[in-house]
Amino acid sequence: MGIALRPIKDRFGAEIVGIDPGLDVDDATFRAVEDAWYGHNILLFRGVKMTPEQHIAFTRRLGPLHIMTPPQYNLPGHPEIFVVANVEEMGKPVGMRRVGLGWHTDGEDKKIPNAGSFLYALKVPPEGGDTMFADMYGAWEALPERIKRRVDGRRARFSRIAMHHVHYPYEPPLTDTQKAERPDVFHPIARTHPRTGRKALYIGRWACDIEGLPADEGRALIEELQDFAARPEFVYRHKWRVGDAVLWDNRCTLHCATGFDDTKYTRHMHRTTLEGEVPV
Ligand code: SIN
């Protein structure tokens, strides 16, 4: 059976229709899916029924898989799957809670950020818990020329150390060991996608200032870019159903989880994550 594409928001995002629910596909179908991914930044698959093995096998066809660290929220027996959940079994959390609240791309605070991520919904709340995605090709293209000229060719500093207290105000400060494990990194603000050759705005919540600019000026510019990137015209908000799986390209897409009442409802997701490359 051939697949079809149903665009979600013009060129940003597409639903893949007519695919095998376990995503066991032949090479020609896989190539069509891969092309669609590069053409649309994010792909939505509905009515998916994947085992962890199938989830891993499908993602691995896109590239080498990343194992999340620390490993405590990885699925036992399948470390390639990172569990996002507010579920407990025998008094122990089976996954990490409140992951990804705030616009970001996965691994942006590392020297080699993640290329893509594939999130699969096993259980979702009846309200809340949506994920928002923003098109960073579109944001770069729409950015006023005066701002493009200021940032093109410059690198932003991404810093867990500087931003931890902002994004995780209720958590203890980072220890010296944690700081040593996550040193600051610098990435180009206008990033060229290695496969499509298109330029995308590359800033998420760990970006804090800009190399070569006074800290205040850099910080203000980063905030302006972050506000710009999250404008409604670039954003698609996904309301999850059980059996949805969304594959996003971190090199040209920001995403942001949204909250839900986790004292009342359960949200249980499996995510595979692709290794990436040094941004250029
Ligand atoms: C993530 O940031 O990878 C998780 C997003 C979500 O759970 O909605």
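How much space lies in the second largest pocket? About 220 Å³ lies there. The largest pocket holds about 1500 Å³, and the ligand sits in the largest pocket. This is a predicted model, in which local features need pLDDT of at least 70, side-chain atom pairs count only at pLDDT 80 or more, and totals for chains, interfaces and linings use all residues. Residues are numbered from 1 along each chain as its sequence is written, and side-chain values use heavy atoms, with hydrogens and water left out.

**Ligand**

- The residues around the ligand are V84, V99, G100, H104, D106, L119, T131, W248, H255, A257, R267 and R271 (each has a heavy atom within 4 Å of it).
- Five of these shell residues are nonpolar, four polar and three charged (Ala, Val, Leu, Ile, Met, Phe, Trp, Tyr, Cys and Pro count as nonpolar, Asp, Glu, Lys and Arg as charged, and the others, Gly among them, as polar).
- T131 places a polar side-chain atom 2.6 Å from an oxygen atom of the ligand (a polar contact is a pair of N or O atoms within 3.5 Å).
- For R267, a polar side-chain atom lies 2.8 Å from a ligand oxygen atom.
- For R271, a side-chain N or O atom is 2.7 Å from an oxygen atom of the ligand.
- Taken alone, the ligand exposes 260 Å², and the protein buries 99% of that (Shrake-Rupley method, 1.4 Å probe).

**Largest pocket**

- A pocket is an open set of points on a 1 Å grid over the protein atoms alone, where a 1.4 Å probe fits, with protein on both sides within 12 Å along at least five of seven lines.
- A molecule sits in a pocket if more than half of its atoms lie within 2 Å of its grid points.
- A volume is the space filled by probe spheres set on the points.
- The lining has 47 residues, and P70, M96, R160, Y168 and E171 are the closest to the pocket centre (lining residues have an atom within 4 Å of a point).
- Two or more lining residues come from each of β5 (78-85), α5 (160-167), α6 (176-181), β17 (253-257) and β18 (268-273) (DSSP runs, with helices of at least four residues and strands of at least two).
- By class, the lining has 21 nonpolar, 14 polar and 12 charged residues.

**Second largest pocket**

- Its lining consists of Q72, Y73, N74, L75, P76, V83, E89, M90, K92, P93, V94 and H268.
- β4 (74-75) and β7 (92-93) are the elements that give two or more residues to this lining.
- Seven lining residues are nonpolar, three polar and two charged.

**Backbone**

- The T69 to P70 peptide bond is cis, with omega near -10°.
- P70 is in the loop between α2 (52-60) and β4.
- M90 has a positive phi, near 50°, and is not a glycine.
- M90 lies in the loop between β6 (88-89) and β7.

How values were computed: A polar contact is a pair of N or O atoms within 3.5 Å; within protein, one must be able to donate a hydrogen and the other to accept it, and residues adjacent in sequence count only if both atoms are side-chain atoms.
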